Amino acid sequence: MANILYGVNGEGSGHSTRAKEVIAHLKEKGHVVRVVSFDRGLRNLSESYDVTEIFGLRIAYVNNRMRYRRTLAKNLVRAPRAAHSLARLLRLMKDWKTELVITDFEPLSCRAGRRLRLPVISIDNQHCLTNVAVSLPGDSRRDAAAAKMITRLMTPHAQAYLVTSFFPARVKRRNTFLFPPIVRSEVLATQLVSGEHVLVYVTSPSPDLVKLLKTVRAKFVAYGFGKEGQDGNILFKKPSMDGFLRDLASCRAIIANAGFSLVSEALYLGKPYLAVPVARQFEQIFNAYYLDKTGYGAWWNELNKERVESFLFNLDHYAESLRSYPRQGNTALLAKLDELIANFQRRDKHPRKV
């Protein structure tokens, strides 16, 4: 069994959601796993594991738009804190006798692993941009270039990249392996129920969207608006992981931003998706673009009544495309991870003679 350091990016909840499933599997296999993260990843994973806090890079948003220059400037100012956190992590890894590093888009753990000449395995969806042959929306080339640059800088030179994607594609590197998205065990166990509502999720209240939805002849269940109760054709609900999953499993379709985790869970459950990506956050634009390209849903930068009604009119078309969506669970990726760990351990026991 291996002593493993698992670094988890703390921006948003997607990284920690994915990591939680992998960590549980590794512990079941008998490995000793030390988890490091920050911000939301720290909070989410601390509910189940002992997590050490590290410095985390932050993305800067202004008016719900990602700002690349401000992100770079913000993190350059905090570079001394990053160096201090890296030095502390290196000391801890020596105390922990770390043998292998797994990183979910978390740069400090990757750099520490390389500094100590340990094998590094990357598990994320972001490297789909750099390690997989994909097409890109033509009007987002500048944002795509910036996103690719950031991706290459975050976890460079890992020995293996396990990349998750909700669409098939060709990998461009020998050390890259493509798998369906990692899905929460709660989602894997969910029973689908046929309902009449359309699920709506926003990350910040949007009064304009409320006005728009009231003009559409459909029933909506809405999260993220900061209120509860029925208002015309919209039922507002307070945040609830269990409640949200029940409403996702029973909805006709979903309208939301294009975060990878929610997209992955919705598609696994066979739900057509109308995506409204966060402006200039290319990962979300990329996810939305491929939702449309695969026929699993549609996307717009801004919604109006015609666009929402067109999406609802075409639900049968999206549902037909979703019938062929791969619902394989997490088995294939976890099996490849087990294989890689075993191979790295064998190499350590029988190093090549120089």
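S37 lies in strand β2, which covers residues 32-37; helices here (H or I, at least four residues) and strands (E, at least two) are DSSP runs, numbered from the N terminus. The model is predicted, with local features needing pLDDT of at least 70 and side-chain atom pairs counting only at pLDDT 80 or more, while totals for chains, interfaces and linings use all residues. Residues are numbered from 1 along each chain as its sequence is written, and side-chain values use heavy atoms, with hydrogens and water left out.

S37 has a relative accessible area of 0% and is therefore buried, a word used for values under 20%, with exposed meaning over 50% and partly exposed in between (1.4 Å probe, protein chains only). Leaving aside neighbours within four places in sequence, S37 is in contact with V8, N9, G10, L42, V51, T52, E53 and I54; contact means heavy atoms within 4.5 Å. From S37 to A2 the separation is 35 residues in sequence and 20 Å in space, C-alpha to C-alpha.

One of the contacts of S37 is V8, which sits in strand β1 (residues 3-8). V8 also counts as buried, at 0% relative accessibility. Outside the four places on either side in sequence, V8 is in contact with H15, S16, A19, V35, V36, S37, F38, L45, D104 and E106. The C-alpha atoms of V8 and L45 are 9.3 Å apart in space, although the two residues are 37 apart in sequence.

The axes of α1 and α2 come within 9 Å and cross at roughly 40 degrees. Such axes are lines fitted to C-alpha atoms, for helices over the stretch in contact, and the angles run from 0 to 180 degrees between N-to-C directions. The two helices are therefore oblique to each other, given that angles under 35 degrees count as roughly parallel, over 145 as roughly antiparallel, 65 to 115 as roughly perpendicular and the rest as oblique. The crossing of α1 past α2 is right-handed; in a right-handed crossing the near helix is turned clockwise from the far one by less than a right angle, and in a left-handed one anticlockwise. S16, K20 and I23 of α1 make the contact with G41, N44 and L45 of α2. By class, these residues are two nonpolar, three polar and one charged, where Ala, Val, Leu, Ile, Met, Phe, Trp, Tyr, Cys and Pro count as nonpolar, Asp, Glu, Lys and Arg as charged, and the others, Gly among them, as polar.

Helix α2 (residues 39-46) also holds D39. D39 is partly exposed, with a relative accessible area of 28%. Its phi is near 50 degrees, a positive value in a residue other than glycine. Most residues other than glycine have a negative phi. K97 is another residue to look at here, with a positive phi near 55 degrees. K97 is in the loop between α4 (79-96) and β6 (100-104), and is exposed, with a relative accessible area of 61%.

Helix α1 (residues 14-28) has a further partner in helix α15 (residues 331-349): their axes come within 11 Å and cross at roughly 50 degrees. That angle makes α1 oblique to α15. The crossing of α1 and α15 is right-handed. V22, H25 and L26 in α1 meet L334, L337, D338 and I341 in α15. This contact has five nonpolar residues, one polar and one charged.

K336 is also placed in α15. K336 counts as buried, at 16% relative accessibility. Not counting residues up to four places away in sequence, K336 touches L162, F177 and F179.

L188 belongs to helix α8 (residues 185-188) and is partly exposed, with a relative accessible area of 33%. Beyond its neighbours within four places in sequence, L188 is in contact with V183, Y268, G329 and N330.

The whole structure has zero disulfides, a disulfide being a pair of cysteine sulfur atoms within 2.5 Å. For C128, the closest cysteine sulfur is that of C110, 19 Å away and too far for a bond. C128 counts as buried at 3% relative accessibility, and C251 counts as buried at 3%.
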